[in-house]
Amino acid sequence: MSEPISVLGMGMFGFVLSRHLALKYPGKKILVYDKEEKIIKSLLEEKNHPLHFQEYAIPDNITPTNDLEKVVTLSQIIVIAIPTQKMRDAAKDLEKYVKKNTLLLNVAKGLEINTGKRVSQILKEEIHKSYFYAVLSGGTIAGEMIKGHPVAAEIACTHATRAKKLQEFFSTKKFRLYGNDDVVGVEVAGALKNPLSIASGMAYGLGFGSSTVSALVSRGSLEIKKLALMLGGKEKTFGFGGQSAMGDIMTSCFGPTRNREFGQLIVSEGSVKKALQAMQKKGKLVEGYFTSRAIYEFAREKNIEMPIQQQVFQIL
């Protein structure tokens, strides 16, 4: 493939993933885009991100730009690292420029707050051209990945052969990817683990230990699996070897993640509003805050018993 690779969204993971691709393919141009002009300006002039990982300069083969048309039309592989709540507007913009048979690789985790829809559903509703869709998900903490820690994740695509090729294309010795054909299960697991991570953060914030959090996580994982299977997800995604379900849930609930941090801040600040403000000051988006409402409304509409997810929403 001679075309450049494009990454839309220079949040923490979008930035780390663009560096990952640039370092793996030093002879290939990586185009990166963000709506925030100050981010692109910093990447162009200072060669680093203005908010995150400032000690890590971007490689020379990364080209930052505010020109969305250029980023989309020049690439056959587009990595979408845009928050789920902004995905519909982004999809409408993509519809204008995306070429036929382009691969759209989503790395966002969450459900749209007003509709409860997954990213693949949002893109399908807004982009009316022929394209290929895949989703990358797993226990990948950006701050650990950028340091070169070994991490693992899954790439899900309904086309098994294409999933295998994507697995090989993105994998390195320290970033191990596994192919999966269960797009529904991978998307649901990635979305629902965020409110569960908030719950684990609140438990830690209240002074409870690993026994309490393990009970919370094991029961919460069962809720996630139950909903995913009801929506058409596959049993295999939720086994012990699964990176997009079990691996991501463990990382999010026991590791230094944004949603867990938010949960702990709710306790220490004594206020959800103050906790949100503290996260916003750090430039950290709490996807689980938004996803929680979508899950609550969906579970109530379908009369599904999800007590942990429902209690998290009521607290928020």
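**Figure 1. Overall fold of the protein chain.** The protein chain has 14 helices and eight strands, where helices (H or I, at least four residues) and strands (E, at least two) are DSSP runs numbered from the N terminus. With a radius of gyration of 19 Å, close to the 20 Å that the globule rule gives for 316 residues, the chain is as compact as a globular protein of that length; the radius is taken over C-alpha atoms, and the rule is 2.2 Å times the number of residues to the power 0.38. This is a predicted model, in which local features need pLDDT of at least 70 and side-chain atom pairs count only at pLDDT 80 or more, while totals for chains, interfaces and linings use all residues. Residues are numbered from 1 along each chain as its sequence is written, and side-chain values use heavy atoms, with hydrogens and water left out. Along its principal axes, the C-alpha trace spans about 50 × 40 × 35 Å. Buried residues make up 56% of the 316 residues, with buried meaning under 20% relative accessible area, exposed over 50%, and partly exposed in between (1.4 Å probe, protein chains only). Of the contacts (heavy atoms within 4.5 Å) with a separation of 6 or more, 74% are accounted for by residues 24 or more positions apart.

**Figure 2. The largest nonpolar core and the surroundings of V79.** A nonpolar core is a set of buried Ala, Val, Leu, Ile, Met, Phe, Trp, Tyr and Cys residues joined through side-chain atoms within 4.5 Å. The largest such core holds 39 residues, of which L21, I30, L43, V79, L136, F170 and F175 touch the most other members. Helix α1 (residues 12-24) gives the most to this core, contributing seven residues. Leaving aside neighbours within four places in sequence, V79 is in contact with S6, V7, L8, L17, L21, L105, V107 and F170. Apart from this core lies another, of 37 residues, among them V213, I249, M306 and V312. In soluble globular proteins, nonpolar side chains tend to be buried together.

**Figure 3. Two loop residues with positive phi.** Most residues other than glycine have a negative phi. K47, found in the loop between α2 (37-45) and β3 (62-65), has a positive phi near 65°, and this lysine is partly exposed, with a relative accessible area of 38%. N101, in the loop between α4 (87-97) and β5 (102-106), likewise has a positive phi, of about 65°, although it is not a glycine; N101 is partly exposed, at a relative accessible area of 32%.

**Figure 4. The buried loop residue E112.** E112 lies in the loop between β5 and α5 (119-126) and is buried, with a relative accessible area of 9%. Not counting residues up to four places away in sequence, E112 touches T84, Q85, R88, K117, I122 and A294.

**Figure 5. M279 in helix α12.** M279 lies in helix α12 (residues 272-281) and is buried, its relative accessible area being 0%. When residues up to four places away in sequence are not counted, M279 touches R258, E261, F262, L265, K284 and V286. From C-alpha to C-alpha, M279 and K164 are 37 Å apart in space, and they are 115 residues apart in sequence.
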